[in-house]
There are 2 protein chains.
Amino acid sequence: MATTGGAGRPEKRKAITRAATAVFGREGYVRASMDAIAAEAGVSKRTVYNHFADKETLFLSVALRNSAELADGIRELMAKHLDKVVDLRRGLVDFAVERAHTVLAAGDHGALGRAIRAEVANIPADVLEAWLEAGPVATRRDLAAHFEALAGRGLLTEADPELAAEQFTLLTFQGIAERSFWGAVPMAGAEVERTAERGVDAFLRLHGAPAAG
Amino acid sequence: MATTGGAGRPEKRKAITRAATAVFGREGYVRASMDAIAAEAGVSKRTVYNHFADKETLFLSVALRNSAELADGIRELMAKHLDKVVDLRRGLVDFAVERAHTVLAAGDHGALGRAIRAEVANIPADVLEAWLEAGPVATRRDLAAHFEALAGRGLLTEADPELAAEQFTLLTFQGIAERSFWGAVPMAGAEVERTAERGVDAFLRLHGAPAAG
DNA sequence: CCTTCTCAAAACCGTCCGGTGTAGTTTTCT
DNA sequence: AGAAAACTACACCGGACGGTTTTGAGAAGG
């Protein structure tokens, strides 16, 4: 990415990216100050500018990395819950619940997603494209592949796995994301589970194999 | 609301709220400047502060009004497309398409919704509650009422109209909103229609009356 | 012990913003 | 007509921010 070469000590760079993720996530792009990021990283502001050309570059770099990491985490959840599933409904519900908690946990990951969505009008089109590709699009594609595999095992109908992935996300996740404003407003764990269950039930009525439905 | 009494000339106040809606929608809360709002309203900055105590008060006031207006607009669309519907699928699709265009049109309405979602972490809980109640919650409730009426006419199954309204919104609207980042990134009209049609089809498989499904 | 070099801490600069004060002008109401 | 209320224009303040320059601490080398 458009960083300032690979200059500087790697551990300082790591600290900066970690701090930037936290501060951008907490404050949003405009409110976050480079002073705050430097302070949270335990590093001088000059060092930040030694590693990253400017504020925007730092933000976009961190956003892209975060998006990929999040997609990786969700991919692991898919493998964990859907690869050798025996109880399909149980597996889908567990996946949906853990996914929601992963993305919306105030901790590190989800908060930055909020900042990106807030700033999307000011992000260059090609960077936004890359962010989508590394994150949401990749997740949808991975989920579609899993659904296709499940269809091959006779657990789902196999027409249009992409559509199934999209509708699964809508029914089990998007409502939670919207209601909690992508993690900004906490949401009771019980409600997450209830929403996931109702969403999975609806999903299975749409795409479940008649035998297993 | 927490404005400065009813002071000031009404037409000036109107111009200020209109300008504030536009500027906040275009720039977001933090980037928007009171100077820009005053300039766009064709009013001196002092007059803005004569009508509204400070920037936050102005924003929240405008946000609340916008939320209510948007809900009203959607309510009208429901009446237009769902009240005396003969072809249910056609009515639902038309409603979904027009709703998406209404909410996501870059013009006036949807843009401010983006700003609110971006700023939600900095909005007082009670004001957020009021915003939700005037906007999304009211819309969901109205939609549920329409679905209940449609169930009474034998066009939908009548179990849990609230859930039906939630899932209709998810399947026909939320995906469009997410993909277009609530209107920040334009979306082809054809894709809106395609998404609405597929969403309605799924919705009818979940909640359509067996006879009409 | 003294010089030299490197890199980060801290001070600094120009700019912009939210908000206020003031003095004078226009509108509205009686 | 005249007073009261509202608006305009403009300068100003304190503070924050992005980014740059200066300063100082400490290691390396003689």
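## Helix 4 and helix 6 of chain B

In this predicted model, helix 4 of chain B, which spans residues 55-82, and helix 6 of chain B, which spans residues 109-119, have axes that come within 10 Å and cross at roughly 125 degrees. Because angles of 65 to 115 degrees count as roughly perpendicular and only those over 145 as roughly antiparallel, helix 4 of chain B and helix 6 of chain B are oblique to each other. The crossing of these two helices is left-handed.

On the side of helix 4 of chain B, the contact is made by B:F59, B:V62, B:A63, B:N66, B:E69 and B:L70, while helix 6 of chain B brings B:H109, B:L112, B:A115, B:I116 and B:E119. Sorted by class, the residues of this contact comprise seven that are nonpolar, two that are polar and two that are charged.

## Helix 1 and helix 4 of chain B

Helix 4 of chain B also packs with helix 1 of chain B (residues 10-31), the two axes coming within 10 Å and crossing at roughly 105 degrees. This angle makes helix 1 of chain B roughly perpendicular to helix 4 of chain B.

From helix 1 of chain B, the residues B:I16, B:T17, B:A20, B:T21, B:F24, B:Y29 and B:V30 meet B:K55, B:E56, B:L58, B:F59, B:V62 and B:N66 of helix 4 of chain B. The contact of helix 1 of chain B with helix 4 of chain B holds eight nonpolar residues, together with three polar and two charged ones. Among the residues of helix 4 of chain B, B:F59, B:V62 and B:N66 take part in the contact with helix 1 of chain B and also in the contact with helix 6 of chain B.

## The surface near DNA strand D

Around DNA strand D there are 18 residues, of which A:K45, A:Y49, A:K55, B:T47 and B:N50 come nearest. By class, this surface has four nonpolar residues, alongside seven polar and seven charged ones. Of the atoms of DNA strand D that lie within 4 Å of the protein, 68% belong to sugar or phosphate, and the rest belong to bases.

Phosphate oxygens of DNA strand D are approached by chain A in several places: a polar side-chain atom of A:K55 lies 2.6 Å from one, an N or O atom in the side chain of A:Y49 is 2.8 Å from one, and a backbone N or O atom of A:M34 lies 2.9 Å from one. The elements that give two or more residues to the surface near DNA strand D are helix 3 (45-51) of chain A and helix 3 (45-51) of chain B, and helix 3 of chain B supplies the largest share, four residues.

Notes. Residues are numbered from 1 along each chain as its sequence is written. Chains are lettered from A and ligands numbered from 1 in the order in which they are written. This is a predicted model: local features need pLDDT of at least 70, side-chain atom pairs count only at pLDDT 80 or more; totals for chains, interfaces and linings use all residues. Side-chain values use heavy atoms; hydrogens and water are left out. Axes are lines fitted to C-alpha atoms, for helices over the stretch in contact, and angles run from 0 to 180 degrees between N-to-C directions. Angles under 35 degrees count as roughly parallel, over 145 as roughly antiparallel, 65 to 115 as roughly perpendicular and the rest as oblique. A crossing is left-handed if the near helix is turned anticlockwise from the far one by less than a right angle, and right-handed if clockwise. Contact means heavy atoms within 4.5 Å. Ala, Val, Leu, Ile, Met, Phe, Trp, Tyr, Cys and Pro count as nonpolar, Asp, Glu, Lys and Arg as charged, and the others, Gly among them, as polar. A residue is near a molecule or strand if one of its heavy atoms lies within 4 Å of it. A polar contact is a pair of N or O atoms within 3.5 Å; within protein, one must be able to donate a hydrogen and the other to accept it, and residues adjacent in sequence count only if both atoms are side-chain atoms.
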